[in-house]
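Trainee: I would like to go through this structure with you. Could we begin with how the helices pack?

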Amino acid sequence: MAQPTPRRPQSASSHAGGPMLPLPQQRAALRKTIPAHTVQTASPIAFLKRHCSLPELSSSEHDGLVAHVISELKERELLNDSGWPDTIIDGRTEGAIFKNLEPIVAAIGDICLLWDDEAQKLNDRTTTFECDGSNTTNSEVPGSSFMVDAQFILLERCTPTSNVSDSENDKADTVDISPSEFKKSVNDRADNEIKIASAANHTLFNDYSRRFVLGFTIEGVEMRFWHFSRSHIAVSPAFDYHQEPELFVRFAIFMTFADRIDLGYDPTVTRIRDANNKIQYQFEVDGKFYLTESFIAESAANDIVTRATRVWSVREYDPIKGTFIGSNSVVLKDVWLFSDSEGEKTISDDIFSALKNLDDQLAAGKDYRELGMDVPPAPGSSLVEEARPYFMDIMQDVAVTFKRGDVEYCDVASAPETGYRPFTYAPEKKAPAAVFGKVPGSLRAGLGNNELPPVVEEPKESPPPIHDHPERTHRRIVFRDRCNTLYSLVDYADYALAMVQVIQALNYLRLAGYVHRDISPGNCLYIKDSSDVIQIKISDLEYARPYTAETSHTVPITGTPGFMAVESQLLRHLCTPGRTAPARQPFIYRGGKSTSCGPAKIETAADPEWFRFNFLHDIESALWLFCWFLFNRLPSSLLGKISRADFESIAKVARKLFGTSLDPPATRRAFVIAGGGSSYPEVYNLLQSYYGQDTQHGPTILDGLTAFQSIVEFYREVESSTPIRTAKSFMWGPKEFRPRYYRELQGIFYDMSGPLNGSTLSAVPIHLFDPLKRAADELAADGKGNAEEERPSKRARTEPRRFQRPATPPSPTPRGGKATSITPRFGF
């Protein structure tokens, strides 16, 4: 066996920006997400022909080589008519039984090489096979090491040689393996399934160059093959590998001789050690090369079937000279998008083209009111120039391609072929722990751009509906500006001003006729100028669509569940009076009585033909940003005053609001339907009981919740109007979405920011209020614990002040004597 490349422990990588969840929690999360994305092939041979065929061999050559190997294995007495004699299940441990697969796979490789002396078809061996379930893999990510029963390990390692040697050198690297799991009994199928899925998830998250992962599982005499990609998970039907040895032989041949591309590696990513012996990554983007400087965000990649968005700070690099080109850092995003999605730069260009068209019409004397504005533009102003600071400056946006010989291939995660069917996982024997929080004390702990919401699992892209697994294309986008996400903002006044700007950016999208469809803290970025003034920039435009386009607004469903509009999650409009539902699955409001959304009515449970994502859904997503901030940040004035019971109460309600499922929790639905604020006491009163303890700032901060009252009024107004029947669906006319909606919401947050300007109040991540964590930190710091503090009495619960719209839009007040970057003209 080739010796492992020496490497440093986990901290020796630029990957060290945030950990994976602890193993039990990560597996619990996978159990919730992978069933909707897993399909079973029609047969084991169908799996092998799709995923494990060497391009060097024709179909007949594959069959001939397998038959030859079977014959030779029988000659060597490694195989007989009853199967593999050395792996018969008996009283030995599973490790001892399946250890005998090592010489079998080695012999398969030897026989193939002897056959190839004449055929000259195969590559050299690329992997070796090991069975040792006691070893833990090395990993570049804290928490991403794991143990597997067996693994195909690359002979030529991905990680460059280190100048440091340590005791970890005898372990395989996560980036170099393809995992397998064994069990003696079919009763342990559930354990095998979650373990191989967990190993694949670890591998895909840890390794920037991994495109997909192959593996196999054995339970008793039953074997299954697995393929994990960003579009779906494929598994073969179980087969008796003793009775059908040719299937395992074909798989072993592929895994032994396939090149890196066919094994799932990306040839456009190279690991390089910098001067500090730290692993950096070289990315190729349309002929240019970029070398990572630091990690920015990747939490969305911590799942198997996902966009797997990762972001780094990079510099252009000359790999031949080994030097940087220029001195400026830029931002590189790597993402897997549905193949029918336009590139982000194309969409951005189309948005600004639409705004330029409005500028031209205004210059030609068109009435501004006919163009969706209710405030005349300032003389000499330009919508294009006013909107540009609110969007990212995109330098490159290309699909990842690589060459094999003279042929260039686009990197895609293909959709399942015809003949695949749904797959049912074996039921687990014991429910793992719930998924909350992040790992304390890890390299990725602490506030950062990719910070996980501390009381709920990190939100992820919503999965496509069951049985719908669209092809994804691998893309890379280079941005000029390095920004932070709203997850990292810890100032109440800044966050209020950020909300003003987010809504302003959405208004520019409305004027251009586009809906974003994925507003979240990770897609709302900000930079600060030399005067410490923030500027919001909306990113991730790949799922933006023209509102009036007849392309589907529902499938695949896009968005981050914790921040999606409730209507978008339910695929139905909640404030449409008088609609009659089909007889299937009617939903009736309690008692058939009037609700805050209008007269008594019946609605469909989900009606994609009727439902269309609209501008108000983007606005509601923006309001969830603010609600998330209230639950995950508390005023610094309350440090030391929050008991464990308080902390758990906040976490409990937060989990009811910010789920990770497409089906919105009842609390979330009721919060929106009731209009937020005092109309939903459980949420408002809980927040008020804490924020109200800061009598100077608490009421002002909670005033932002009145925006939920406003958004429901807007829903009622729009959805009570007459919709337009289009060729494929229904829609409300674009002019029904009025500019005053944006102006009113901006005013709420602008008025909130005023009293907070110049204050010393900061927003502290809520996990720092956890008394148990605080006591542990203090114990680690000075060797003694902190006495339990008495819970302060809750102040009287007061109603939030209802925002009154002034006759004219307010003008921004400079913060601390500094000019702000807020556009004075709220709305249009």
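Mentor: The crossing of α13 and α15 is left-handed, a term for the near helix being turned anticlockwise from the far one by less than a right angle, with clockwise giving right-handed. The helices (H or I, at least four residues) and strands (E, at least two) are DSSP runs, numbered from the N terminus.

Trainee: Which residues make the contact?

Mentor: From α13 the contact uses Asp646, Ser649, Ile650, Val653, Lys656 and Leu657, and from α15 it uses Glu682, Val683, Leu686 and Tyr690. Contact means heavy atoms within 4.5 Å. By class, there are 6 nonpolar, 1 polar and 3 charged residues; Ala, Val, Leu, Ile, Met, Phe, Trp, Tyr, Cys and Pro count as nonpolar, Asp, Glu, Lys and Arg as charged, and the others, Gly among them, as polar.

Trainee: At what angle do the axes of α13 and α15 cross?

Mentor: The axes of α13 (residues 644-657) and α15 (residues 681-691) cross at roughly 150 degrees and come within 11 Å. Axes are lines fitted to C-alpha atoms, for helices over the stretch in contact, and angles run from 0 to 180 degrees between N-to-C directions.

Trainee: Before we go on, what should I know about the model and its numbering?

Mentor: This is a predicted model, in which local features need pLDDT of at least 70 and side-chain atom pairs count only at pLDDT 80 or more, while totals for chains, interfaces and linings use all residues. Residues are numbered from 1 along each chain as its sequence is written, and side-chain values use heavy atoms, with hydrogens and water left out.

Trainee: Understood. What does Phe631 touch?

Mentor: Leaving aside neighbours within four places in sequence, Phe631 is in contact with Ile650, Val653, Ala654, Leu657, Phe658, Val683, Leu686, Leu687 and Ile766. The largest nonpolar core has 111 residues, and Phe631, Leu355 and Leu486 touch the most other members. Such a core is a set of buried Ala, Val, Leu, Ile, Met, Phe, Trp, Tyr and Cys residues joined through side-chain atoms within 4.5 Å; buried means under 20% relative accessible area, exposed over 50%, and partly exposed in between (1.4 Å probe, protein chains only).

Trainee: Which helix gives the most to this core?

Mentor: That is α10, with 16 residues. Helix α10 (residues 492-512) also lies across β23 and β24, at about 40 degrees to β24.

Trainee: And the sheet there, what is its strand order?

Mentor: It is an open sheet of 3 strands in the order β21-β23-β24, with antiparallel pairing. Strands β21 (484-485) and β24 (534-538) are at the edges with a single partner strand each, so one side of each has no neighbour in the sheet. Strand β23 (residues 524-528) is joined to β24 by 5 bridges, and Lys528 has Ile534 as its bridge partner in β24. Two strands count as paired if DSSP finds at least two bridges between them.

Trainee: Changing topic: is β5 buried or exposed?

Mentor: 7 of the 7 residues of β5 (residues 213-219) are buried, so the strand is largely enclosed by the rest of the structure. On one side are Val213, Gly215, Thr217 and Glu219, and on the other Leu214, Phe216 and Ile218.

Trainee: What does β5 pair with?

Mentor: Strand β5 pairs with β6 (residues 222-228) in the antiparallel sense over 7 bridges, and Glu219 stands opposite Glu222. The two strands form a hairpin with 2 residues between them, and Gly220 in the turn has a positive phi of about 65 degrees.
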